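Student: I have a structure to look at today. Could you take me through it step by step?
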Amino acid sequence: MDITEFVERSIGHWRSQRSAHHLAFSHFEAVQSEIDIIALSPEDPAVLELCKLYNIDPSKIVSPFRMTWEGQSDWDENAEIKGTSVLIPVPDPDVPKRGKLLRDQGYAETVAAAGDYHFTEDETFVLLTSYDRAAAEEKIWFANPNLRFRVSLIKTSAGSGVVTASFSSEIRSSS
């Protein structure tokens with residue numbers, strides 16, 4: 001699998017059930033979310049703006065997309081869990097199964113972020129992103145076209161300690 005196929009397989013409406021362990025708080029959280037992933041044109045103004053921010057030639061990108069999510073947590077029922085992010089894959093021209101993933105909003109910190117991705121032999125997408133105060137490691141794989149799994153670790157900025165670990169099962173919905 002390459003990044004173009006991964007994005008194509010990810011497009012759609014997903015229902016997500018996430019279990020998170022917040023080690024710093026000794027707390028377990030269950031989150032149910034709706035996730036929409038839509039393809040964007042390479043000429044979309046948000047795509048061009050993010051390319052400009054990272055000084056990336058738009059001709060080097062493939063399969064830009066927008067991810068929007070909204071959910072509920074059993075930890076803080078009043079907290080809004082929603083957002084949107086533009087994501088732009090920039091494949092390594094020499095190694096097609098590797099590259100950068102640019103985001104206008106990161107996973108561990110709500111700032112623009114660029115992570116390094118690669119695919120393992122079993123077609124698992126792995127994304128490693130360093131932030132100012134944390135590091136994130138995400139793995140996503142498909143059990144079938146309408147079922148995917150995601151594991152996320154939020155680590156200390158040095159990468160030596162795990163702060164949060166989560167597992168999500170995501171089912172593509174027809175609605």
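Student: Which residues touch the most other members of the largest nonpolar core?
Tutor: Please keep in mind that this is a predicted model. The largest nonpolar core has 16 residues, and those touching the most other members are Ile3, Phe6, Leu101, Tyr117, Phe119 and Phe125.
Student: Which elements give two or more residues to this core?
Tutor: Helix H1 (3-10) does, together with the strands S2 (27-39), S6 (113-119), S7 (125-130) and S8 (134-144). The largest share comes from H1, which gives three residues.
Student: New topic: the strands. In which sense do S7 and S8 pair, parallel or antiparallel?
Tutor: S7 and S8 pair in the antiparallel sense, over six bridges. Within this pairing, Val126 stands opposite Lys139 of S8. A hairpin through three residues joins the two strands.
Student: And how many bridges are there between S8 and S9?
Tutor: S8 pairs with strand S9 (residues 147-156) over 10 bridges, in the antiparallel sense. They also form a hairpin, with two residues between them.
Student: Which residue in S9 is the bridge partner of Trp141?
Tutor: The bridge partner of Trp141 in S9 is Phe149.

Conventions: Residues are numbered from 1 along each chain as its sequence is written. This is a predicted model: local features need pLDDT of at least 70, side-chain atom pairs count only at pLDDT 80 or more; totals for chains, interfaces and linings use all residues. Side-chain values use heavy atoms; hydrogens and water are left out. A nonpolar core is a set of buried Ala, Val, Leu, Ile, Met, Phe, Trp, Tyr and Cys residues joined through side-chain atoms within 4.5 Å. Buried means under 20% relative accessible area, exposed over 50%, partly exposed in between (1.4 Å probe, protein chains only). Helices (H or I, at least four residues) and strands (E, at least two) are DSSP runs, numbered from the N terminus. Two strands pair if DSSP finds at least two bridges between them.
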